[in-house]
Amino acid sequence: MSNLDDLYREIILDHYRSPRNRGELESPPAIRVEGFNPLCGDEIVVYLEVEDNVLKNIKMTGTGCSISQSSASLMSAAVKGKPLAQVRETIATFKELMTVHESTLAHDDEPTKVDLRALGELAALQGVVKFPVRIKCATLSWNTLIQGLDEVA
Amino acid sequence: MTAFNAKRVRADIPQLNRRIYDHPITYLDTASTSLQPNAVIDAMSRYYQLRHANVHRAVYQTASEATAAYEGTREHVARFINAPGGAEEIVFTKNATESFNLLAKSWGAANLTSGDVVLVTEMEHHANIVPWFQLREQTGVEVRFIPVTDDYRLDLSQLDDLMKGVKLLSVTGMSNVLGTINPINELAGVAHRHGALIAVDGAQSVAHSPTDVGALDIDFLIFTGHKMLGPTGIGVFWTREDILASMPPFLGGGGMIADVRLDGYIAAEGPTGFEAGTPPIAEAVGLGAAVLYLEGLGLSNVVRHEHALTEDALTRLTLEFDGRVRVIGPPDMTDRGGVISLDVEGVHPHDVAQVLDQFGVCVRPGHHCAKPLMRRFGLAATVRASYGPYSLTKDTDVLLEALSHAVKMFG
């Protein structure tokens with residue numbers, strides 16, 4: 001069961017059972033973006049409140065598997081209240097973590113080159129990479145956030 | 001009646017020897033695609049090793065062997081569904097989806113105009129929905145749906161009203177999500193009384209119970225090789241010889257012509273006229289072997305075996321999970337086949353399937369290409385377990401053990 005425990009770490013199950021930053025923000029003024037995974041039917045709505053280049057508030061609604069929901073919850077906790085430049089950095093680091101390198105699959109124990117300390121709790125999602133079909137679950141909310149940030153610019 | 005022994009069937013299927021992680025494979029995804037017995041795999045290998053040649057062309061020995069094998073499968077399939085006109089009524093396609101496209105784009109486009117109605121059901125696979133929407137864009141036909149009741153059956157209470165203006169009733173023999181078996185013979189009677197034709201999606205039914213198109217009194221039957229122990233890449237389209245003769249060609253090219261000149265072409269008569277290009281020859285050889293294998297098992301044995309397994313699984317799912325696992329489909333075996341869709345309270349189907357995978361259990365999470373049906377029951381997805389002639393009670397044992405693990409983990 002070690003692979004499974006690696007995927008469903010306690011932090012992930014905790015964020016799935018008690019998601020952070022659930023809810024809506026009035027839009028406008030908040031930016032509202034929808035993300036959708038047509039293959040599995042997961043959907044997410046992200047609300048962003050940006051002021052002076054700071055992501056002042058973020059709320060989300062939607063349905064999906066534990067990986068997509070916990071990833072969204074972990075994301076919201078990681079980026080809320082942060083300057084946009086830092087949010088973009090976190091996104092880039094997380095996306096790098098979710099990139100399947102051939103070595104990741106071939107050698108289970110090869111350490112990832114991503115700076116896990118910079119990711120904090122988000123590092124709990126690194127087990128997803130061993131299950132390539134689930135990567136799209138973990139990245140759904142992040143891609144939706146990127147779309148929202150593009151609307152700011 | 002020959003003695004049926006599922007363990008003997010298992011011994012014929014090499015993939016069932018696989019281990020997944022530290023577990024023997026528990027294959028419960030036959031509704032998605034069935035496993036292949038050695039008889040099918042060997043027939044295809046022998047074709048490629050000894051008599052690979054194109055069909056209907058050359059005069060050399062291997063070419064005539066390939067042609068005989070390809071055309072032989074047409075005979076086998078015709079016998080398998082008791083086609084009254086024999087092999088001349090069997091068209092090979094790529095899969096059931098392509099067969100539906102052939103029906104819509106050839107027969108449909110030639111026979112249906114704006115204002116005509118195609119009546120399908122809320123429990124159809126997308127293959128029996130999307131081609132009709134495409135035809136609607138092209139010709140303005142109306143696509144109408146027979147609703148599904150809360151008991152997971154077709155709601156036939158308003159059928160006579162729904163039949164107004166209908167030229168074709170197109171319905172699944174058995175739902176790939178619910179396991180519901182539809183009353184095809186009764187529906188054929190209604191369709192014909194209203195002057196309509198009836199098409200049946202046999203993808204889920206032909207390998208799990210005997211099919212006799214004449215006794216059912218239907219006009220079109222569509223199914224696919226890989227859900228009946230055969231290979232992927234080959235599907236079947238059956239219709240009566242007179243209807244087939246009236247249908248315009250579908251895909252154009254080599255093989256489907258009687259003549260081509262600088263000013264046009266004449267299509268070949270019979271099924272060949274719908275088989276453009278080099279056909280799936282090895283796949284046809286494999287399909288022929290699959291038909292012979294199923295006939296050897298006896299479909300009435302298969303239906304009895306799967307019926308018992310499904311009944312046992314339904315009972316235990318209800319008893320052991322205290323309502324936390326809900327069956328999306330008929331709760332008993334009346335007009336029901338071996339497809340069991342599950343909704344596990346508080347656990348997303350992908351998470352359920354992921355946990356099951358660690359036990360070597362192969363099930364399918366998702367919408368099963370039946371999104372209108374999912375919406376009807378307010379679900380995004382289900383976890384589906386489905387049985388085949390090689391399934392055993394021990395498959396259900398492992399399924400239940402893995403399910404209780406998933407329930408505990410996310411509970």
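Let's start inside chain B, where L168(B) stands opposite L197(B) in strand β8(B). This pair belongs to a predicted model, and it makes a handy entry point. Five bridges join β7(B) to β8(B), which spans residues 197-201, and the two strands run parallel. To get from β7(B) to β8(B), the chain crosses through helix α7 (residues 184-193) of chain B, and this β-α-β crossover is right-handed.

Stay with β7(B) for a moment. Strand β7(B) covers residues 166-172 and is mostly covered, with six of its seven residues buried. It also has a link to strand β5 (residues 117-121) of chain B: three bridges join the two, again in parallel. Here you can look for V117(B), which stands opposite V166(B) in β7(B).

Further along chain B there is an antiparallel arrangement to explore. Four strands form an open sheet, in the order β13-β14-β17-β16. Its edge strands are β13 (325-327) and β16 (364-366) of chain B, each of which pairs on one side only. From one strand to the next, the twist averages 30 degrees. At the β16(B) end, three bridges join this strand to β17 (residues 382-386) of chain B, and the two run antiparallel. Within that pairing, P365(B) has V383(B) in β17(B) as its bridge partner.

Finally, let's turn to where the chains touch. Here 13 residues of chain A are in contact with twelve residues of chain B. On the chain A side, helix α1 (residues 2-7) gives the most, with three residues. By class, that side of chain A has eight nonpolar and five polar residues, and no charged ones.

Methods. Residues are numbered from 1 along each chain as its sequence is written. Chains are lettered from A and ligands numbered from 1 in the order in which they are written. This is a predicted model: local features need pLDDT of at least 70, side-chain atom pairs count only at pLDDT 80 or more; totals for chains, interfaces and linings use all residues. Two residues are in contact if their C-beta atoms, placed from the backbone, lie within 7 Å. Ala, Val, Leu, Ile, Met, Phe, Trp, Tyr, Cys and Pro count as nonpolar, Asp, Glu, Lys and Arg as charged, and the others, Gly among them, as polar. A residue is buried if 20 or more other C-beta atoms lie within 10 Å of its own, exposed if 12 or fewer, and partly exposed in between; C-beta atoms are placed from the backbone. Two strands pair if DSSP finds at least two bridges between them. A crossover is right-handed if, with the strands pointing away from the viewer, the path from the first strand over the helix to the second runs clockwise. Axes are lines fitted to C-alpha atoms, for helices over the stretch in contact, and angles run from 0 to 180 degrees between N-to-C directions.
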